[in-house]
Amino acid sequence: ELVSCVGWTTADELYSCSDDHQIMKWNLLTSETTQVVKLPDDIYPIDLHWFPRSVGGKKQSYAESFVLTSSDGKFHLISKSGRLEKSVEAHCGAVLAGRWNYEGTALVTVGEDGQVKIWSKSGMLRSTLAQQGTPVYSVAWGPDSEKVLYTSGKQLIIKPLQPNAKVLQWKGHDGLILKIDWNSVNDLILSAGEDCKYKVWDSYGRILYSSQPHEYPITSVAWAMDGELFAVGSFHTLRLCDKTGWSYALEKPNTGSIFNIAWSIDGTQLAGACGNGHVIFAHVVEQRWEWKNFEITLIKRRTMEVRNVINDAVDLLEFRDRVIKASLNYGHLVVSTSLQCYVFSTKNWNTPIIFDLKEGTVSLILQAERHFLLIDGGGLYLYSYEGRLISSPKFPGMRTDVLNAQTVSLSNDTLAIKDQADGKVIYILEALSGKLLGDGRPLTHKTEIVEIALDQKGLTSERKIVFIDKNRDLHITSVKRFGKEQKIVKIGTMVHTLAWNDTSNILCGIQDTRFTVWYYPNTVYVDKDLLPKTLYEKDASEFSKNPQIVHFVGNQITIRRADGSLIHLNISPYPAILHEYVSSSKWEDAVRLCRFVKDQTMWACLAAMAVANKDMATAEIAYASIGEIDKVQFINFIKDLPSKESRMAHILLFSGNTQEAETLLLQTGLTYQAIQVNINLYNWDRALDLAVKHKTHVDTVLAYRQKFLEDFSKKETNKRFLQYAEGVSIPWN
């Protein structure tokens, strides 16, 4: 009889139910199949979902019980051993799907009667969320377990649990929608329909991908846990796809229709429930990693092939257990298997450092130059490349299962993590201690943040973070969380994807229809008007819709197009050399390089770098070369100032930091200069405040004010100025 549903208990054990009323258990390690229980003849199973493994922060190594929905209008809570704990009358007609939320505190069921019901853990009815005239074929919880997505004919509906909250509804397919899935890590939605298409949506109902029509209706879709891959099942068809929609592989097994797909917990394999009574197992192999001249492929579940493209040398890496995750960057390959972590240096493939893992299933590996971060269901662990545990970062409201490469970023000294509960907040942690940086206040933005990235080079005190918010605006700010905070500055609009360079602080991104490189993003804190001159832009229409930047190594950028093909772009190597000269204070070499290259962009970068490092002589040459004469004049004026403090203050003024400049002048007793600065900026009230407070130069302020008014033939209207003007006679001589 046909198999209707499948579900994994551990990474190697699967339960399946079929119309012959049997629940079977499959052990993949021993290849044994045993019958767990034979259900009563009137129960035809339709859907199965295991109770979540991590509840209340405590993680069990395997699931203990599952919910089984059946055609007689009931759902059944069944223990792992096959004991029927409870049967609950739920719907009129078949219960078509049942799903636990991520915390295991609630169960949602949907039925042929068009109802969506929420139940407690023990099977008590909490609420009827929705009622409609057509059967609801599939249901999924939102990532925060606050919303439910369900089907209604050709429509998709997202309904929050809160009463009176806004319901989102849109037309998804031209035929009946048969299956949906919503991933908790990437927040994307999959739908499959009788119109023979599968589609990827974001959680606002915007379409990101729509497949070509297949020959037969799509009967199942399922996300892998980490949200990087999904699988699609149809008649005699199993397809593996990337989260952006394009297809990695297509298999044509002899299965009938695949009605249900379940991914194993570690995301390395999946099982399908087939219409001809088979259960199909598939393993994901041939993932590829590239870095500089190395190309690594997972050729079998426990074997990697390393190819050095320079001399065509090939090494085979054998592992004891199957490979779950891997990452190749900064001259190291980090591989996690189900029990261990291996760290290889690209200089020597024969002697990896191996250490045991606490939890097992690693969901994400992030690398920086000096260390790497492992994330699993239990926490975050920072290791050195020698395999030593450096720290286990902790932050408020920590949920590690929903972190991905867009919401976590690592550099040599800092770790940034987007808060899952409040999408506007980024936690900044010190990498080596794992504690929140500075005074522990997180970084907060006005709108929800989508993607974050830390720069990789330079001093800790100058570490910058960029992030894209949900309006697709790109912002930059400093991670320093104490003393005077730097403002959050917008440096790009409609940015879809971004990456920092691995060896210098150069940022690249695709904004709207242009591929953009910010050669020196720090310019916004030095001389904001200069930023457009430090950019490199080129038309991005060749990358088609929704391209993703994969790597930015050296001066090569790798971009993956929406159809899955890779494009390599080279940018000028000179800005990186300029960064190197400046970081080692070789100003003369930097000027020489710019004279050799003869490029306005380079001069603009040098001008900003010189001002940032307070090297005014170089700044003067660079500004002169890009024709900014007013700035050259101001720099000359600064050079002639008598004291070091006033020079410093005027450099701050140059970068637009008026408040800091004034504070510096007042601290060093240069009250008159502080007043004069405010007069020059027409901050009349502040100038008068300072004069009155320090009981000096009140007449000067009034005189300048009077002259200013006379020049524009205006009358004095400011009460404070009128009040002080009464007692002071001002001779202009």
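**Close-up views of a predicted model**

**View 1. Lys631 is buried, with a relative accessible area of 11%.** Buried means under 20% relative accessible area, exposed over 50%, and partly exposed in between (1.4 Å probe, protein chains only). The model is predicted, so local features need pLDDT of at least 70 and side-chain atom pairs pLDDT 80 or more, while totals for chains, interfaces and linings use all residues. Residues are numbered from 1 along each chain as its sequence is written, and side-chain values use heavy atoms, without hydrogens or water. Lys631 sits in helix α5 (residues 629–639). Helices (H or I, at least four residues) and strands (E, at least two) are DSSP runs, numbered from the N terminus. The side chains of Lys631 and Asp527 are joined by a polar contact of 2.8 Å. A polar contact is a pair of N or O atoms within 3.5 Å; within protein, one must be able to donate a hydrogen and the other to accept it, and residues adjacent in sequence count only if both atoms are side-chain atoms. Beyond four places in sequence, Lys631 is in contact (heavy atoms within 4.5 Å) with Asp527, Asp529, Tyr623 and Phe654. Phe654 is 23 residues from Lys631 along the chain, and their C-alpha atoms are separated by 8.4 Å.

**View 2. Helix α4 (residues 616–625) packs through its buried residues.** Met616, Thr618, Ala619, Glu620, Ala622 and Tyr623 are buried. Their packing partners are α2 (587–597), α3 (600–612), α5 and α6 (644–654). Tyr623 is also one of the residues in contact with Lys631. Gly627 follows α4 and has a positive phi, near 75°.

**View 3. His445 lies in the loop between β45 (443–444) and β46 (449–454).** Its relative accessibility is 6%, so His445 counts as buried. Two polar contacts of its side chain are shown here. One reaches the side chain of Thr447 at 3.4 Å. The other reaches the side chain of Asp469 at 3.1 Å. Leaving out residues up to four places away in sequence, His445 touches Lys424, Phe467, Asp469, His475 and Ile488.

**View 4. Strand β46 runs antiparallel to β47 (residues 464–469).** Five bridges join β46 and β47; two strands pair if DSSP finds at least two bridges between them. Ile452 stands opposite Phe467 in β47. Phe467 is also among the residues that His445 touches. Most of β46 is covered, with five of its six residues buried.

**View 5. Strands β27, β28 and β29 form an open antiparallel sheet, in that order.** β27 (258–263) and β29 (279–283) are the edge strands; each has a single partner strand, so one side of each lacks a neighbour in the sheet. β28 (residues 269–274) pairs with β29 over five bridges. In that pairing, Gln269 has His283 of β29 as its bridge partner.

**View 6. Two repeat spans come from a UniProt record.** UniProt positions follow the numbering used here, feature names are shortened, and annotations may be inferred rather than shown by experiment. For residues 88–120, the end C-alpha atoms lie 12 Å apart, and the span is 0% helix and 61% strand. For residues 170–202, the end C-alpha atoms lie 12 Å apart, and the span is 0% helix and 58% strand.
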